[in-house]
Amino acid sequence: MNSDPFVLAGKSYRSRLLVGTGKYKDLDETRAATKASGAEIVTVAVRRLDPKPGEPSLLDALAGYTLLPNTAGCYTADEAIRTARLARELGMTEFVKLEVIGDEITLFPDAEATLAAARVLVKEGFVVLPYTNDDPIMAKKLEDAGCAAVMPLAAPIGSGLGIRNPYNLRMVLDAVKVPVIVDAGVGTASDAAEALELGCHAVLMNTGIAGAKHPVLMAEAMRLGVEAGRKAFLAGRMPRRLHAHASSPEVGLIE
Amino acid sequence: MQVTVNGKLVELPANASVAELLARLKFDAARVAVERNHEVVPRRTYGEARLSEGDRLEVVGFVGGG
């Protein structure tokens, strides 16, 4: 896999799977699932803390990983910008997974506010990875604003519906030069494989793993799905045909 | 004086610093970020950053998320 690195903001990664750290039953499960996924980049959220001295910390469980703080739960550009600044002050990274949510039923992005926040954060030196619709026009605008990647959704966050519009993702891939990371909606390993087969550069998921009956096993399945999808993309799939095409020789049959 | 920390009123000695606030509330200063009235307080200034009556503070950290 090292001959085919995933390059993001000038850095190479072996894994094309980025994983979230929410919804696990405890830190041990978080640690085990994250390890089984093979991911090197993991997302975290920024929240008000209750002081709990001496309690085991998420950061200890995630030592050695590249942290990607998100602005999940933000409904305005201003909230997302403030959250990103706090994340940076926490001291570990310039990365931010920018989410500005439009409404709580769909959790779809507010495209206008996402773009406005992206412009501010890029200017402040953040490496901005925006969660966006599977919309090539929006993807291009985010790239032009200086985002280091675009992260179109496959389906609503936490829905597990898989890739609802593969044709749009292909259009996004055609529209931008920055990496395209499918973010949200992946439900099982074949969804992850499909994203990579389409040519997407990576996949980010949380509930697809944490919401499985056996999260650690699903994390491994997702890792394999991503690897299989990437190899299939590089291999170049055969053309689709309407009619059958025999695999065995049609001559030399017994009579 | 009173300030608001994560939405709750907290009583502090007048002129207390951010560092004193964090210590009093038993936050691990190395693991939090602090915002005062919508502006981030840089970590290196916790000792000298003095709070004022009515300041609104957010004390945040990383938690699991997707």
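Q: In this predicted model, at roughly what angle do the axes of helix H3 and helix H4 of chain A cross?
A: Helix H3 covers residues 77–89 of chain A and helix H4 covers residues 111–123 of chain A. Their axes come within 9 Å, and the angle at which they cross is roughly 35 degrees.

Q: Is the crossing of H3(A) and H4(A) left-handed or right-handed, and which residues of H4(A) make the contact?
A: The crossing of these two helices, H3(A) and H4(A), is right-handed. From H3(A) the contact draws on Ala77(A), Ile81(A), Ala84(A) and Arg85(A), while the residues that H4(A) brings to it are Ala113(A), Ala116(A), Ala117(A), Val120(A) and Leu121(A).

Q: Which residues of H6(A) make the contact with H5(A)?
A: The axes of helix H5 (residues 136–144) of chain A and helix H6 (residues 166–175) of chain A come within 8 Å and cross at roughly 30 degrees, which makes H5(A) roughly parallel to H6(A). On the side of H5(A), the contact is made by Pro136(A), Ala139(A), Lys140(A) and Glu143(A). On the side of H6(A), the contact is made by Met171(A), Val172(A) and Ala175(A).

Q: Why can the buried residues of H1(A) be said to line one face of the helix?
A: In helix H1 (residues 27–37) of chain A, the buried residues are Glu29(A), Thr30(A), Ala33(A), Thr34(A), Ala36(A) and Ser37(A). They line one face because, in a view down the axis of H1(A), they fall within an arc of 165 degrees.

Q: Which exposed residues does H1(A) carry on the face turned away from its buried side?
A: The buried residues of H1(A) pack against several elements of chain A, among them strand E4 (41–48) and helix H9 (215–235). The face of H1(A) turned away from that buried side carries the exposed residues Asp28(A) and Lys35(A).

Q: Which residue just after H1(A) takes a positive phi?
A: At the start of H1(A), a side-chain oxygen of Asp26(A) reaches to within 3.2 Å of the backbone nitrogen of Asp28(A). Just after H1(A), a positive phi of about 75 degrees is taken by Gly38(A).

Q: Is Asp4(A) buried or exposed, and which residue does its side chain join in a polar contact of 2.8 Å?
A: Asp4(A) lies in the segment before strand E1 (6–8) of chain A, and with a relative accessible area of 14% Asp4(A) is buried. One polar contact, of 3.1 Å, joins the side chain of Asp4(A) to that of Arg16(A). The polar contact of 2.8 Å joins the side chain of Asp4(A) to that of Arg230(A).

Notes
Residues are numbered from 1 along each chain as its sequence is written. Chains are lettered from A and ligands numbered from 1 in the order in which they are written. This is a predicted model: local features need pLDDT of at least 70, side-chain atom pairs count only at pLDDT 80 or more; totals for chains, interfaces and linings use all residues. Side-chain values use heavy atoms; hydrogens and water are left out. Buried means under 20% relative accessible area, exposed over 50%, partly exposed in between (1.4 Å probe, protein chains only). Helices (H or I, at least four residues) and strands (E, at least two) are DSSP runs, numbered from the N terminus. The arc is that of the directions from the helix axis to the C-beta atoms. Contact means heavy atoms within 4.5 Å. A polar contact is a pair of N or O atoms within 3.5 Å; within protein, one must be able to donate a hydrogen and the other to accept it, and residues adjacent in sequence count only if both atoms are side-chain atoms. Axes are lines fitted to C-alpha atoms, for helices over the stretch in contact, and angles run from 0 to 180 degrees between N-to-C directions. Angles under 35 degrees count as roughly parallel, over 145 as roughly antiparallel, 65 to 115 as roughly perpendicular and the rest as oblique. A crossing is left-handed if the near helix is turned anticlockwise from the far one by less than a right angle, and right-handed if clockwise.
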